[in-house]
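Hi there,

Here is the structure I promised to pass along.

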Amino acid sequence: MLEVMIDNKDGNVWDISDLVSSFQWKTGRIGKASSAELQFVKGGIYENKSFRYSNGDILRVKKDGFGVFYGYIFSIDTGKDEQVKITAYDQLRYLMSNDTYVFKNVTATQVIQRIAGDFGLKVGALADTGHKIPSMIEDSKKLMDIVCKALDLTLIATTRNYVFYDDFGALRLRNINEMAVEFVVGDGSLLYDYEFKRSIDSDTHNRVKLVRDNKESGKRDVYIAQDSANIARWGRLQLYETVDEKANAAQINEMLNNLLKLKNREQKSLRLSAIGDIRVRAGCYVPVIIQEISINQYFLIDECTHTIEGADHTMALELKVI
């Protein structure tokens, strides 16, 4: 059962569960606030005359007692007919602002804590990423991009992958290994359609070249790792990046090998249409079994969209192999 509440922040909390004709909840794994979009009919004969809704009001949604979405209304679409569409985002929406930060020897966790504290965001359980980032100088950068950069640097240095999201009103950071769902999506289980794609067209690299400015020699130090077999198969697909001049050779070689390990493979993506389970969101690991295309493995959910219309609940999943 869907429970939809609007808090006007003036002491009035409205239960509009019976008015809502459709509800859609979208989550993304990297750099996106989750969004909630709902439609309802205004001006019903049983509607309280004091009922109001404005941008900035709190929208809270539960399903069967499970906290789905807690966020803030950002747009209201209405016209001469009786349909109203409301769009709301969770706290991550407030990380789309720009600011300047200088960090030295901090973890990605500490980056999140600092920014969240400065912008008055509510913080829940944050995993300790452990890895100390030597320095980050971010001038007039989007706050979300700064957080994502800290997590990317942690991934490259440690191969540990974290998901940053809003968990029903509190910021959360979790290792993806802790987010496996306990059921299968596939043949005979929830699935009713799919699309499968294998590609080397984006984010695939079989040669990694890192360079570091060396102030002592006045030259650039160059570090290269490559997979000759895959270069013979696909052609040379090079990733070129500069690294912090304070990084030592051991750190750069570790980064080099980690990048090659992460990038030197086909990118496989799978799009599933399935019966909805509200526990599923972007960042979760989900086991998928589809015999027709010989798939029997875990996938990481990049994007997840739940749609609820009356008694029908479906979900669309964009998946990625890690």
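**Salt bridges and what surrounds them**

Lysine 263 is buried, at a relative accessible area of 18%. Please keep in mind that this is a predicted model. The partner of lysine 263 is aspartate 203: the two form a salt bridge whose closest N and O atoms are 2.8 Å apart. Aspartate 203 sits in the loop between strand S14 (191–199) and S15, while lysine 263 belongs to helix H4, so this pair ties together parts that are 60 residues apart in sequence.

The structure holds 18 salt bridges, and a few others are worth a look. Aspartate 213 and arginine 220 form one, with 2.6 Å between the closest N and O atoms. Aspartate 213 counts as partly exposed at 39% relative accessibility, and so does arginine 220 at 45%. There is also a network: Glu138, Lys141 and Lys149 are joined by salt bridges that share partners. Finally, aspartate 167 meets arginine 172 through their side chains, at 3.1 Å from N to O. Aspartate 167 is partly exposed, with a relative accessible area of 33%, and arginine 172 is also partly exposed, at 22%.

**The sheet under H4**

Which strands does H4 touch? Helix H4 (residues 249–263) packs on a sheet and touches S15, S16 and S17. That sheet is open, has 3 strands in the order S16-S15-S17, and shows mixed pairing. Its edge strands are S16 (219–226) and S17 (238–242), each of which pairs on one side only. From one strand to the next, the twist averages 20 degrees. Strand S15 (residues 207–214) pairs with S17 in the parallel sense over 5 bridges, and valine 211 stands opposite threonine 242 in S17. The direction of H4 makes about 155 degrees with that of S15.

**Helix H2**

How many residues of H2 are buried? In this helix, 12 of the 16 residues are buried, so H2 is largely enclosed by the rest of the structure. Among them are Leu143, Met144, Ile146, Val147 and Cys148. The buried residues pack against several elements, including helix H1 (108–118), strand S8 (98–106), strand S10 (133–142) and H4. Strands S11 (162–166) and S12 (171–175) also take part in that packing.

H2 covers residues 143–158 and reaches 23 Å from its first C-alpha to its last, close to the 22 Å expected at 1.5 Å a residue. Just after H2, threonine 159 takes a positive phi of about 65 degrees.

If you open the model, you could begin with the salt bridge between aspartate 203 and lysine 263, then follow H4 onto its sheet.

Best wishes

Definitions and conventions. Residues are numbered from 1 along each chain as its sequence is written. This is a predicted model: local features need pLDDT of at least 70, side-chain atom pairs count only at pLDDT 80 or more; totals for chains, interfaces and linings use all residues. Side-chain values use heavy atoms; hydrogens and water are left out. Two strands pair if DSSP finds at least two bridges between them. Helices (H or I, at least four residues) and strands (E, at least two) are DSSP runs, numbered from the N terminus. Axes are lines fitted to C-alpha atoms, for helices over the stretch in contact, and angles run from 0 to 180 degrees between N-to-C directions. Contact means heavy atoms within 4.5 Å. The expected span of a helix is 1.5 Å times one less than its number of residues. Buried means under 20% relative accessible area, exposed over 50%, partly exposed in between (1.4 Å probe, protein chains only). A salt bridge is a side-chain nitrogen of Lys or Arg within 4 Å of a carboxyl oxygen of Asp or Glu.
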